[in-house]
Amino acid sequence: MERVYYGGDYYPEHWPDGIWEDDRKLMAEAAVSLVTVGIFSWAQVEPRPGEFDFGKVDQTLDNLAEAGIRACLATMTASPPPWLSHQHPEILPVRADGTRLSAGARQQFCPSSPVFRRYAARLVDRVATRYADHPALELWHIGNEFGCHIRECYCEASAVDFRRWLAERYGTIDALNAAWSTTFWSQRYSGFAEIEPPRVAPTFPNPAHKLDFHRFSSDASLGAYLNEREILARITPDVPVTTNFVGLVQKSLDWHKWVQHEDIVSLDSYPDPYDARSHLEAAFGYDLVRSLKGGQPWLLMEQATSAVNWRTRNSPKPPGTMRLGSWQAVARGADSVLFFQWRQTPGGAEKFHSAMVPHGGADTRIFREVRELGQELASAPQIAGSRVQADVAILHDWNSWWALELNSHPSDDLTQLDAHLAHYAPFFDANITCDVVHPSHDLSGYRLVVVPNLYLMDRAVAANLRSYVEGGGHLAVSFFSGIADENDRVYEGGYPAPLRDLLGLRVDEFWPLPEGGSTTMHLDGTRAGASVWSEWIESEGADIVATFAEGPLAGRPAVTRNEFGSGVAWYLGTRPDPTVMRTLFDRITAEADVSPVLPGLPDGVQAVVRRGGTDYLFLLNHNSVPVTVSLPSPGTDVLTDPAPPSSEVDLAPYGVAVLSGQFGKDAR
Ligand code: GLA
């Protein structure tokens with residue numbers, strides 16, 4: 001990329017042709033450089049089966065090319081036209097309770113459906129052939145938000161595909177029976193044909209069956225994606241391909257698997273303006289997305305200029321916060337700031353969703369902010385391509401997330417995203433940058449690795465953690481990690497069996513807290529709060545850092561520290577309250593020699609560095625009051641007209657500064 005792209009979803013088909021003159025003028029004013037075209041165009045370009053009319057899309061792409069605006073061109077398969085489900089109702093997805101969903105919204109297809117895939121492939125072939133050499137074409141956008149509305153499908157085509165998937169995974173029915181522990185409750189299968197998707201059943205379904213259905217469902221959507229990807233690879237091998245992941249972190253798709261088939265990762269991000277800490281979850285999502293391809297810059301494919309329409313109450317974004325949120329994504333590695341959508345539509349389900357050009361037109365607060373941000377981004381093209389580096393890794397694995405949140409566990413209160421954010425917050429607040437990586441990732445480059453409740457852990461991952469610590473790494477593992485193998489079978493021999501020697505302890509029994517309950521610990525002579533969980537820990541060599549202070553576990557270990565090889569492994573047997581978590585991680589990071597991007601920043605100020613030919617320091621003020629930041633070495637403001645380097649930066653309420661200089665490790 002030669003700049004940070006700016007723009008959004010562009011649907012001129014909602015207006016008469018003359019709208020282009022106004023769009024062209026306003027796009028130029030806002031320095032729009034990339035728009036996404038055609039996501040929901042299927043019914044328009046193929047009004048009847050096999051009859052194609054690309055007139056509108058041709059015109060749109062020609063207009064864009066002439067204006068020097070690049071196109072992220074959709075494959076147009078996100079919402080099949082009514083004629084398709086009318087002729088082939090079997091493509092409509094089915095819920096676990098057997099309800100077949102109707103057409104009339106969007107994403108109304110079963111990802112495994114061979115009929116859907118056949119019609120989608122025919123369309124994609126047409127689209128790719130037609131626009132392969134179009135001068136506006138920058139990249140392909142396959143489908144839209146796979147797995148957003150249809151996370152799983154339980155129809156007969158899915159059942160057939162699931163059996164095929166299982167046969168490939170296990171080879172024999174005996175291997176499946178062993179992996180699924182089917183001796184329990186008389187669930188033994190005598191052939192793959194007997195297996196159904198885990199539809200609604202009298203009581204708890206087999207957890208390994210459920211876990212495999214999660215894996216299968218992600219792969220089924222991936223299959224629908226690859227159905228299109230293969231056509232694009234054949235017709236336009238040099239045009240990069242992406243698909244937009246939903247939300248900040250999405251449970252339904254294993255992004256680690258998906259990104260192997262994407263040239264560039266893209267994300268849609270809709271933090272809730274009513275939530276004063278929504279930038280925390282946003283940052284976590286951005287760090288995860290950036291880490292998916294080893295730090296390669298990613299695309300912020302969609303966000304809102306202001307309110308969305310799909311929450312029960314939809315807050316606008318207060319002045320300045322759209323800019324702040326946009327720079328937050330760039331700071332954490334995005335090379336684009338794109339919105340849903342360019343112009344606010346007068347009709348349809350999303351007519352009250354904000355856009356770059358609102359119903360009120362250009363003379364609106366939103367468009368003024370859109371224009372200013374576009375010009376600002378255009379003035380700083382040098383940021384594109386620079387990279388974020390982190391000393392800390394947080395481990396995340398979709399398989400473990402799925403398994404952690406299956407039912408029949410000690411507590412339903414233990415959920416993955418809450419766990420992640422509880423462990424991420426102390427780093428975020430301390431301005432310590434984290435990558436979020438798969439547990440099998442090479443960890444040797446990190447000073448500290450954090451493992452939030454990684455319930456499912458295969459032996460290779462346990463070995464990865466051991467060798468990391470043996471080699472001098474610092475590791476912090478929280479409770480209910482390393483409990484089950486890849487088939488959700490508990491490791492016998494005392495919890496967490498594959499980590500016992502590394503952690504220097506054994507967990508005798510889990511003591512989860514009642515709903516809304518809390519407990520306390522003795523930590524450094526103070527009484528510290530905790531929630532969600534407690535457990536009976538027997539130290540087998542680990543030093544006891546904190547003990548439970550009440551109830552049947554009083555006096556027993558709650559937090560431990562164990563030296564192993566040349567490194568250190570910490571263990572948290574409960575979820576410390578946020579301030580306690582911060583105190584603990586301040587100690588852990590100090591021992592691991594991890595330092596913040598900038599020390600002593602005012603609360604609510606985020607600092608991140610991207611490194612390129614020079615360092616870019618991003619300072620983001622999430623406070624509604626101004627703050628002044630002192631820099632250890634002078635920086636040059638990238639966003640203002642030439643100004644002398646300075647060591648003091650004034651940030652307005654919700655203000656942003658980007659400085660170039662030396663802010664990297666060597667400068668600290
Ligand atoms: C998603 C979709 C868009 C639009 C927005 C609204 O991101 O991809 O088509 O519906 O949500 O927030």
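## The open sheet

Strand β19 (residues 543–548) and strand β20 (residues 557–564) run antiparallel and are joined by 4 bridges. Strands (E, at least two residues) and helices (H or I, at least four residues) are DSSP runs, numbered from the N terminus, and two strands pair if DSSP finds at least two bridges between them. Asp543 has Arg561 of β20 as its bridge partner. The model is a predicted one, in which local features need pLDDT of at least 70, side-chain atom pairs count only at pLDDT 80 or more, and totals for chains, interfaces and linings use all residues. Residues are numbered from 1 along each chain as its sequence is written, and side-chain values use heavy atoms, with hydrogens and water left out.

Both strands belong to an open sheet of 10 strands with mixed pairing, in the order β12-β11-β13-β14-β21-β20-β19-β16-β17-β22. Because β12 (434–437) and β22 (575–576) stand at the edges with a single partner strand each, one side of each has no neighbour in the sheet. Helix α10 (residues 278–292) packs on the sheet and touches β11 (392–395) and β12. Contact means heavy atoms within 4.5 Å. The direction of α10 makes about 65° with that of β12; axes are lines fitted to C-alpha atoms, for helices over the stretch in contact, and angles run from 0 to 180 degrees between N-to-C directions.

## A buried strand

Strand β23 (residues 605–611) is largely enclosed by the rest of the structure, because 7 of its 7 residues are buried (under 20% relative accessible area, with a 1.4 Å probe and protein chains only). Val605, Ala607, Val609 and Arg611 lie on one side, and Gln606, Val608 and Arg610 on the other.

Antiparallel to β23 runs strand β10 (residues 387–388), joined to it by 2 bridges; Val388 is partnered with Arg610. Strand β24 (residues 615–621) is also antiparallel to β23, with 7 bridges between them, and Arg611 is partnered with Asp615. A hairpin through 3 residues joins β23 to β24.

## The nonpolar core

The largest nonpolar core has 172 residues. Such a core is a set of buried Ala, Val, Leu, Ile, Met, Phe, Trp, Tyr and Cys residues joined through side-chain atoms within 4.5 Å. Helix α5 (residues 114–131) gives the largest share, 10 residues. Domain 1 (392–591) and domain 2 (605–661) both contribute residues, so the core lies between them; the bounds come from an automatic or database domain assignment.

Tyr6, Leu64, Trp327 and Leu475 have the most contacts inside this core. Beyond its neighbours within four places in sequence, Leu475 touches residues including Leu448, Tyr468, Val568 and Trp570.

How values were computed. Buried < 20%, exposed > 50% of the residue type's maximum accessible area, 1.4 Å probe, protein only.
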